[in-house]
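Subject: Handover of a protein structure

Dear colleague,

I am handing over the structure shown here, together with an account of what was found in it. Please keep it in view while you read the notes that follow.

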Amino acid sequence: MRSLGFRQRAHNRYWWHRLAMTDYVPMLYEFLDEDEWSLLEQWFDDTERQYPCTGEAGIPALSMLLGLISGNGLSRVVQLGHYVGYSTLMLGFMARHMRRRRMLFSVDIDPAVSAYTRSWVERAGLDEHVHLEVGDSAAPGRPEQAAEVLGGAPQLIFIDSSHQYAHTLRELDLWYPALVPGGLLLMHDSSDFARRFDRAGGQGVKQALEEWIAANRVTSLNLNGFVGGGRPGDFPYLDGCGLTIIQKSGG
Ligand SMILES: C[S@@+](CC[C@H](N)C(=O)[O-])C[C@H]1O[C@@H](n2cnc3c(N)ncnc32)[C@H](O)[C@@H]1O
């Protein structure tokens, strides 16, 4: 039954399904129709064969994202970092269920993974809901490009890209002003544990966020920000990589 079989799979990406308290199909997969679930299963199999590290954000973060989008009728969403397509497919499926055209503008610097993601977006019939770009997410002009594609300023921005300290600061400076008043910015990998994902040798997303939030005095919540390597399941929010939610002031 849907993802229940993932409990028996050994790959690290199925860590959520192997936990003692998650022997059910998450809401995230329940809303998909049969064809969508079948396509997602094929995507899991193919990515597992082709990519040793599959790199997706996972069920806790995607449940937050899709809950916010579906629960609030959002229609303009930006993603920085699509990699091989998990969050893109999930956001695209939600856009189709909500009957939103061009709901997602997503950018990634890697042409090869972008081509792979594009092929799955097409195969899923999500082209009219998802717009993919190849290039640096912190390039000047990117927010204007996104607003043009989406038909207005983004209501929600999901950042899951370089994980590098300096680049994250540039993304925050560029994208926060582009949000609508009251808009939401979600940053994956904002825990102490995730500092190690900074391949430039810096202190990663968490350090950048702490400095940027203090300097700009914005409202934020870093879920599991304190986790330095605790096992998944030790805390109510299950993802040890953390997720920060920032809301732009409404004034
Ligand atoms: C963790 S993966 C994204 C996973 C995806 N959000 C998901 O949940 O399926 C990070 C992606 O960010 C991309 N990336 C790294 N540096 C970037 C940059 N400067 N601009 C845009 N994308 C970048 C990488 O190419 C990689 O595909």
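**Strand 4 and its neighbours**

The bridge partner of I157 in strand 5 is L185. Please bear in mind that the model is predicted. Strand 5 covers residues 184–188, and its pairing with strand 4 is parallel, with four bridges. Strand 4 also pairs with strand 1, which consists of residues 77–80; this pairing is again in the parallel sense and over four bridges. Here L80 is found opposite I159 of strand 4.

Are the two faces of strand 4 covered or open? Both are covered: L156 and F158 on one side are buried, as are I157 and I159 on the other. This arrangement may be read with a general rule in mind: along a regular strand, side chains point in turn to one face of the sheet and then to the other. Strand 4 is also part of a right-handed β-α-β unit, together with helix 7 (residues 165–175) and strand 5.

L68 and L156 lie 88 residues apart in sequence, while their C-alpha atoms are 8.9 Å apart in space. L68 counts as partly exposed because its relative accessibility is 21%, and the limit for a buried residue is under 20%.

Strand 2 (residues 104–108) contains S106. Why is S106 classed as buried? The reason is that its relative accessibility is 0%. Apart from neighbours within four places in sequence, S106 is in contact with Q79, H82, T88, H131, L132 and E133.

Strand 3 is made of residues 130–134, four of which are buried, and the strand is mostly covered. Strands 2 and 3 run parallel and are joined by five bridges. L104, for example, has V130 in strand 3 as its bridge partner. Between strand 2 and strand 3 the chain passes through helix 5 (residues 111–123), in a β-α-β crossover that is right-handed.

**Strand 7 and its two antiparallel partners**

Strand 7 (residues 243–247) is largely enclosed by the rest of the structure, because four of its five residues are buried. How do strand 5 and strand 7 run? They run antiparallel, with five bridges between them, and H188 stands opposite L243 of strand 7. Strand 6 likewise runs antiparallel to strand 7 and is joined to it by five bridges. In this pairing N222 stands opposite T244.

**Residues in loops**

Which residue in the loop between strand 1 and helix 4 (86–97) deserves a look? It is Y83, which is not a glycine and yet has a positive phi of about 45°. With a relative accessible area of 28%, Y83 is partly exposed.

R217 also has a positive phi, near 45°, and is a residue other than glycine. Its place is the loop that joins helix 8 (204–216) to strand 6 (219–223). R217 is exposed, because its relative accessible area is 76% and the class begins over 50%.

E56 belongs to the loop between helix 2 (34–50) and helix 3 (59–71). When residues up to four places away in sequence are not counted, E56 touches R13, W43, F44 and Y86. E56 and A214 are 158 residues apart along the chain, and 29 Å separates their C-alpha atoms.

**Enclosed space**

How many cavities of 30 Å³ or more are counted? There is one, and the largest cavity holds about 40 Å³ of space. Its lining includes N224, V227, R231, D234, F235 and L238. By type, the lining residues are five nonpolar, four polar and two charged. R231 and D234 are the charged ones.

Yours sincerely,
A colleague

Terms used: Residues numbered from 1 in each chain as written. Predicted model: local features only at pLDDT ≥ 70, side-chain atom pairs only at ≥ 80, totals over all residues. Heavy atoms only, no water. Buried < 20%, exposed > 50% of the residue type's maximum accessible area, 1.4 Å probe, protein only. Pairing = 2+ DSSP bridges. Right-handed = clockwise from strand over helix to strand, strands pointing away. Contact = heavy atoms within 4.5 Å. 1 Å grid on protein atoms, 1.4 Å probe; cavity = no way out; pocket = protein on both sides within 12 Å on 5 of 7 lines; lining within 4 Å. Points joined across faces, edges and corners; volume = space filled by probe spheres on them.
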